[in-house]
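Subject: Structure handover

Hi,

Please take over the structure below. My notes follow it.

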Amino acid sequence: MISRIEIENFYSVRQAQNLDLRVADNVPETPGRFGEVCPGSKERVPKVVALFGPNASGKSTVLRALAFMAWFVQSSFQLPPDAPQPCESFNDKEAGQLPTRLAIHFGAPANLIEPRLEECSKYVYEVSFSAEFGKPKAVISEALRQWSAKGGKPVRLFERDERGEVRYGKGFGLSGYRQVISKVRANASLIATLAQFDHKPSLLLQRLAASIASNIFIEKVDFAEDSIVRFYAQHPELVEALNREIERIDLGIKGMSIDSASGGPVAKFEHEGLDRLMPMQLESHGTRQFIRIFPMLIQTLTVGGVAVIDELDLAIHPIVLPEILRWFYDPIRNPQNAQLWMSCHNASLLDDLIKEEVYFCEKDSRGRTRVYGLQDIQSVRRNDNYYQKYLGGVYGAVPQLG
């Protein structure tokens, strides 16, 4: 599970922001809401992370940081040698010349070379980029560190500097890879490059990065409906799972079926009281939105990982949203302690969240995003009406009108 993310000079985040999800030891256990960073660890984190704030306050920036790091670890070796990173630094003259830094803290097998599910450790992966005309480009540092089971300071697994020199520990198994290390491009991840040569720890880290599924990267991804329908056609078990849930989204729908057509598979919907099956383009926007994100949610719940969804509440009814959250709280539906990170505007959802799950984004007068948690605000009680207080401006991060 992800326990912390650090963001600096990345899109609307100018100064370093630290989203630390770790739940204090004195917080009472709430059934289904928290998971261990590692099996057997005393550190707990929420399974649902909800970001609230005005339009353009930086909610998407936080999610984009997660999606970008997952991409960088998986695919940055594919960049042309002189290409910048597909992201932006903060948009002012000074920040355009300063490094961009990102770090993610997570749990993973203690032994990356010969992983065992029952043995887990905490890790931090961090990367910094030099800037060129306001765009991050070359890696000036990249590192992976691991905490031992006894705690204490993290141990270096590898550390790369701006000259491309790499220092490493025996836990990363780089013996025999010196020639590969010397050829890592300045704009590519060491992990992404080593994975092309079947380096076991890098392949494992790539799989972990691939478990971060998102609808946002550079811009929010609006999955094409024909691609989604083809995906359902290839995975009939998803159609069955969808039909068990779909009546929660649109009253009167009995189910979805996939039919063959000359142009490829098409989705049809059976409605109560209607004689003919209805095509997808005539369904409500909410139903179509749910059908797009459903495979991502189910995949994450089944195998573990993180679903990163921007504007989850865009078209889904507010009564349905809490039901989706309950999937992540349910140990039967979520046996792998998967996480859901989401941005939303629907403040009524605050009635269904506990304070460790709620984070706010707001910008100052210079357009710089600040991120903070509801648990960071003094005197917030568990029985407070978060919805009313948020709309009343008590917590900040609300639009200013007039």
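**Around S343**

Set aside the neighbours within four places in sequence, and S343 is in contact with L51, K59, L63, I309, D310, E311, L312 and D313. Keep in mind that this is a predicted model. S343 belongs to strand β16, residues 339-343. Its relative accessibility is 1%, under the 20% cut-off, so S343 counts as buried. Its side chain also makes a polar contact with the side chain of D310, at 2.4 Å.

**Strands β8 to β10**

β8 (residues 135-148) and β9 (residues 151-161) run antiparallel, joined by seven bridges. R160 has V166 in β10 as its bridge partner. β9 and β10 form a hairpin with four residues between them. In that turn, G164 has a positive phi of about 90°.

**Pockets**

The largest pocket has a volume of about 1,000 Å³. Its lining counts 43 residues, with M1, G107, A108, L208 and S211 nearest the centre. α4 gives the most to this lining, six residues. By class, the lining has 29 nonpolar, ten polar and four charged residues.

The second largest pocket has a volume of about 360 Å³. It is lined by 16 residues; F231, L238, P295, M296 and Q299 lie nearest its centre. Here α7 gives the most, with six residues. The lining divides into eight nonpolar, three polar and five charged residues.

Best wishes

Methods: Residues are numbered from 1 along each chain as its sequence is written. This is a predicted model: local features need pLDDT of at least 70, side-chain atom pairs count only at pLDDT 80 or more; totals for chains, interfaces and linings use all residues. Side-chain values use heavy atoms; hydrogens and water are left out. Two strands pair if DSSP finds at least two bridges between them. Helices (H or I, at least four residues) and strands (E, at least two) are DSSP runs, numbered from the N terminus. Buried means under 20% relative accessible area, exposed over 50%, partly exposed in between (1.4 Å probe, protein chains only). A polar contact is a pair of N or O atoms within 3.5 Å; within protein, one must be able to donate a hydrogen and the other to accept it, and residues adjacent in sequence count only if both atoms are side-chain atoms. Contact means heavy atoms within 4.5 Å. On a 1 Å grid over the protein atoms alone, a cavity is a set of points where a 1.4 Å probe fits but cannot get out, and a pocket is an open set with protein on both sides within 12 Å along at least five of seven lines; lining residues have an atom within 4 Å of a point. Grid points are joined across faces, edges and corners, and a volume is the space filled by probe spheres set on the points. Ala, Val, Leu, Ile, Met, Phe, Trp, Tyr, Cys and Pro count as nonpolar, Asp, Glu, Lys and Arg as charged, and the others, Gly among them, as polar.
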